[in-house]
Amino acid sequence: MKIDGVFSGGGVKALAFVGALQAVENKGYSFKRVAGTSAGAITASLLAAGYKLDELEQVLRQLDFETFVDPPMLDRILPFSKWLLLYIRMGLYKGERLERWLYDQLAAKGVYTFRDLPHGSLKVICSDLTLGRILVIPDDLESYYNIDPDRFPVAKAVRMSAGLPYFFMPVKIQGKFSMKSLIVDGGLLSNFPVWALEKRDGIRIRPILGMKLSNPPSHFPKRKITNSIEMFHALFSTMKQAHDARYISKAKRADIIFIPVTSVDTTDFKLTDLQKEQLIDLGREHAEKFLGHWRK
């Protein structure tokens with residue numbers, strides 16, 4: 001049975017998607033269209049490009065997340081300079097290795113630009129800080145930036161969606177006006193874009209199955225904030241959760257697999273093989289439990 005899929009952000013936690021997808025496949029479902037934010041956009045792009053589940057698992061299991069940490073050359077010579085120059089560069093790492101890895105994985109399936117994908121099969125969510133709006137790629141490229149979607153690299157779109165603020169440097173895109181737009185992680189404005197696969201009136205073309213790397217909105221953990229650093233982290237987390245929590249409360253939670261990953265953090269790049277296995281098992285466990293009573 002054909003369904004549509006939505007994947008939330010969550011950094012390295014996205015390995016849990018592998019287990020959840022195994023359960024989905026075992027039930028006889030396959031995805032016609034997919035949408036995602038950040039790590040969810042990575043998963044969605046690989047599925048849209050034609051990766052089979054065993055191939056996706058192999059790619060993500062073998063991935064060394066630390067390879068994505070690519071400081072500028074000056075930082076390698078003067079390690080403390082990255083903190084001094086953070087104010088100017090607006091990010092610790094370039095994100096070029098992430099984009100190159102994405103390019104190589106997609107190229108292996110013959111996917112370079114959105115022209116190489118079935119029309120409407122992939123929606124990548126980003127945040128345009130300059131325009132102050134949610135950006136849906138490829139839909140918004142032409143209207144806001146005069147960019148032909150057929151010529152825009154899928155790898156760049158996904159890298160922008162995964163551009164965690166202050167961790168990766170923002171991507172700059174020339175818009176219709178003289179000012180360039182700063183594009184960052186889509187999770188800043190919508191970490192779970194179910195709406196991207198619905199029509200304006202909320203009508204769904206086919207059943208939509210969501211996978212979210214957190215508890216349901218009513219079970220978000222409370223935070224103890226005792227200093228400015230903790231407040232900074234809480235600020236971003238609250239911004240990411242607020243939009244989606246309001247939307248999910250109105251949508252059908254019965255269509256969302258919640259996978260509460262608490263054992264690792266978004267940027268815990270030094271995952272052991274055991275931790276990877278535990279994430280996959282967690283995703284499979286929650287998906288199997290959910291699919292046992294899912295009513296499309």
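## Asn146 and the wider fold

Asn146 counts as exposed because its relative accessibility is 57%. Here buried means under 20% relative accessible area, exposed means over 50%, and partly exposed lies in between (1.4 Å probe, protein chains only). The model is predicted: local features need pLDDT of at least 70, side-chain atom pairs count only at pLDDT 80 or more, and totals for chains, interfaces and linings use all residues. Residues are numbered from 1 along each chain as its sequence is written, and side-chain values use heavy atoms, with hydrogens and water left out.

Asn146 sits in the loop between α8 and α9 (154-161). Its phi is near 55°, a positive value in a residue other than glycine. Helices (H or I, at least four residues) and strands (E, at least two) are DSSP runs, numbered from the N terminus.

### Overall build

The protein has 11 helices and 10 strands. Of its 296 residues, 51% are buried. Contact means heavy atoms within 4.5 Å. Among contacts with a separation of 6 or more, 76% are between residues 24 or more positions apart. The accessible surface comes to about 15000 Å². Carbon and sulfur atoms hold 55% of that surface. Accessible areas come from the Shrake-Rupley method with a 1.4 Å probe; for residues, only the protein chains shown count as cover.

### Backbone points

Ser38 lies in the loop between β2 and α2 (39-48). Ser38 counts as buried because its relative accessibility is 8%.

A cis peptide bond joins Ile137 and Pro138, with omega about 15°. Pro138 is placed in the loop between β5 (133-137) and α8.

### Salt bridges

A salt bridge is a side-chain nitrogen of Lys or Arg within 4 Å of a carboxyl oxygen of Asp or Glu. The whole structure holds 12 of them.

| Acidic residue | Basic residue | N to O distance |
| Asp4 | Arg206 | 3.1 Å |
| Glu55 | Lys109 | 3.0 Å |
| Glu198 | Arg204 | 2.8 Å |

The side chains of Asp4 and Arg206 meet in a salt bridge. This pair links distant parts of the chain, 202 residues apart. Asp4 is in strand β1 (residues 2-7), while Arg206 is in the loop between β8 (180-185) and β9 (208-212). Asp4 counts as buried, since its relative accessibility is 0%. Arg206 is partly exposed, with a relative accessible area of 21%.

Glu55 forms a salt bridge with Lys109. Glu55 is partly exposed at 27% relative accessibility. Lys109 is partly exposed too, at 30%.

The side chains of Glu198 and Arg204 meet in a salt bridge. Glu198 counts as buried at 16% relative accessibility, whereas Arg204 is partly exposed at 24%. Elsewhere, salt bridges that share partners join Asp4, Arg33 and Arg206 into one network.

Glu57 belongs to helix α3 (residues 53-62). Glu57 counts as buried because its relative accessibility is 18%. Leaving aside neighbours within four places in sequence, Glu57 is in contact with Val18, Gln22 and Ile280. Glu57 and Gly19 are 38 residues apart in sequence, yet 8.7 Å apart in space, C-alpha to C-alpha.

Lys27 is in the loop between α1 (15-26) and β2 (30-37). With 49% relative accessibility, Lys27 counts as partly exposed. Lys27 and Glu288 are 261 residues apart in sequence and 9.0 Å apart in space, C-alpha to C-alpha.

### A negative patch

Asp116, Glu142, Asp148 and Asp150 gather in a patch of negative charge on the surface. Patches are made of residues with over 30% relative accessible area and no salt bridge: like charges are joined within 9 Å, nonpolar side chains (Val, Leu, Ile, Met, Phe, Trp, Tyr) within 5 Å. Lys and Arg count as positive and Asp and Glu as negative; His and the chain ends are not counted. The place of a charge is taken as NZ of Lys, CZ of Arg, CG of Asp or CD of Glu.

Glu142 lies in helix α8 (residues 141-145). Glu142 counts as exposed because its relative accessibility is 51%.
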